[in-house]
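Hi everyone, thanks for coming.

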Amino acid sequence: MLRLMQMTLPTALLLLGAALAPIPTAPSAVLLENNEVKVARALEKYQVAGKFHQHDMNRVMIYLQPGRQRFEYQDGRKPAVFDFKAGQVVWSPPTGMHLGEVMDHDFNIIEIELKTQGTDKALTENLDPLKVDPGHYKLEFENPQVRVLRVKIPAHGVVPMHAHSTDRVTVFLTDENFRTKDSTGKVETVEHKAGDVAWGTPVEHSEQNLSDQPYEAVTVELKK
């Protein structure tokens, strides 16, 4: 189902999802699609035989539950087994024919298929969240097509005014109950459930976590 690029993410990143509350698995579905991305929830099922297939576009993969998979390839590579952690993010470039076998239990992946080539444009606005609030926003990885951020905000935590300068997909790893205030003074309450996905356009706003629980999400920013 995906080519697992060399898995060069540091070991520390593989443990980021360990403290997340479990997210129930859900059926496969296309969650949103436009001219920039196709976002799908894939249900990987235990004891269901896979079929050889391939993917033609770069993708960002976010694992909602932990899972163990064995991959076979038609290009002569040896089979490989991978252990994914809840909340883990993986970059998946195009690959040849392959199949994946789930080795323990069902799990979901949010698959963000990138339809545009990207511009390798640096995202360096003065109000960039990595500059304004590095305590809450962390860089997962960056390449010519995307910049991927992980945000963790404690219960009742506040993120000061910051800017998202490009279109983005946000994958919620916990429930969201936020109050936002944009640069015009407009106040809005936003709620999502863990496992939800949302499309966002450029905005400048501040945020407050209204929940008694910490918040965590992954944001995939599109370079264009």
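**Starting from the core**

Let's begin inside: the largest nonpolar core holds 23 residues, and the ones with the most contacts within it are Val60, Ile62, Ile112, Val146, Val171 and Val220. By nonpolar core I mean a set of buried Ala, Val, Leu, Ile, Met, Phe, Trp, Tyr and Cys residues joined through side-chain atoms within 4.5 Å. Buried is under 20% relative accessible area, exposed is over 50%, and partly exposed is in between, using a 1.4 Å probe and protein chains only. At least two residues of this core come from each of these strands: S2 (37–44), S3 (59–63), S6 (89–92), S8 (107–114), S10 (146–153), S12 (168–172) and S17 (215–222).

Before I go on, a word on what you're looking at. This is a predicted model, where local features need pLDDT of at least 70 and side-chain atom pairs count only at pLDDT 80 or more, while totals for chains, interfaces and linings use all residues. Residues are numbered from 1 along each chain as its sequence is written, and side-chain values use heavy atoms, with hydrogens and water left out.

Back to the core, then, and to one of its residues. What is Val146 in contact with, leaving aside its neighbours within four places in sequence? The list is Val60, Trp91, Leu114, Phe141, Val220, Glu221, Leu222 and Lys223. Contact here means heavy atoms within 4.5 Å.

Is Arg59 buried or exposed? It counts as buried, because its relative accessibility is 2%.

**The chain as a whole**

Stepping back, the chain has two helices and 17 strands. These are DSSP runs numbered from the N terminus, with helices being H or I over at least four residues and strands being E over at least two.

How about overall size? For 224 residues, a compact globule would have a radius of gyration near 17 Å, and the chain agrees with that at 18 Å. That radius is taken over C-alpha atoms, and the globule rule is 2.2 Å times the number of residues to the power 0.38. The C-alpha trace spans about 55 × 40 × 30 Å along its principal axes.

Of those 224 residues, 46% count as buried. Taking contacts between residues at least 6 apart in sequence, 77% of them join residues at least 24 apart.

As for charge, the chain has 25 positive and 30 negative charges, and their mean positions are 3 Å apart. In that count Lys and Arg are positive and Asp and Glu negative, with His and the chain ends not counted. Each charge is placed at NZ of Lys, CZ of Arg, CG of Asp or CD of Glu.

Now some single residues, if you want to follow along on the screen. Phe178 sits in strand S13 (residues 176–182), and it counts as buried because its relative accessibility is 1%. Setting aside neighbours within four places, its contacts include Ile153, Val190, Leu210 and Tyr215. From Phe178 to Gly67 it's 111 residues in sequence and 30 Å in space, C-alpha to C-alpha.

Ser206 is in strand S16 (residues 203–209). With 18% relative accessibility, Ser206 is buried too. Beyond its neighbours within four places, Ser206 touches Val159, Pro160, Met161, Arg179, Thr180 and Lys181.

Over in strand S2 there's Ala42, buried at 11% relative accessibility.

Last, two loop residues. Asp120 has a positive phi of about 60° although it is not a glycine, and it is in the loop between S8 and helix H2 (129–132). Asp120 is partly exposed, at 48% relative accessible area. His156, another non-glycine with positive phi, has a value near 65°. You'll find His156 in the loop between S10 and strand S11 (158–164), and it counts as partly exposed at 44% relative accessibility.
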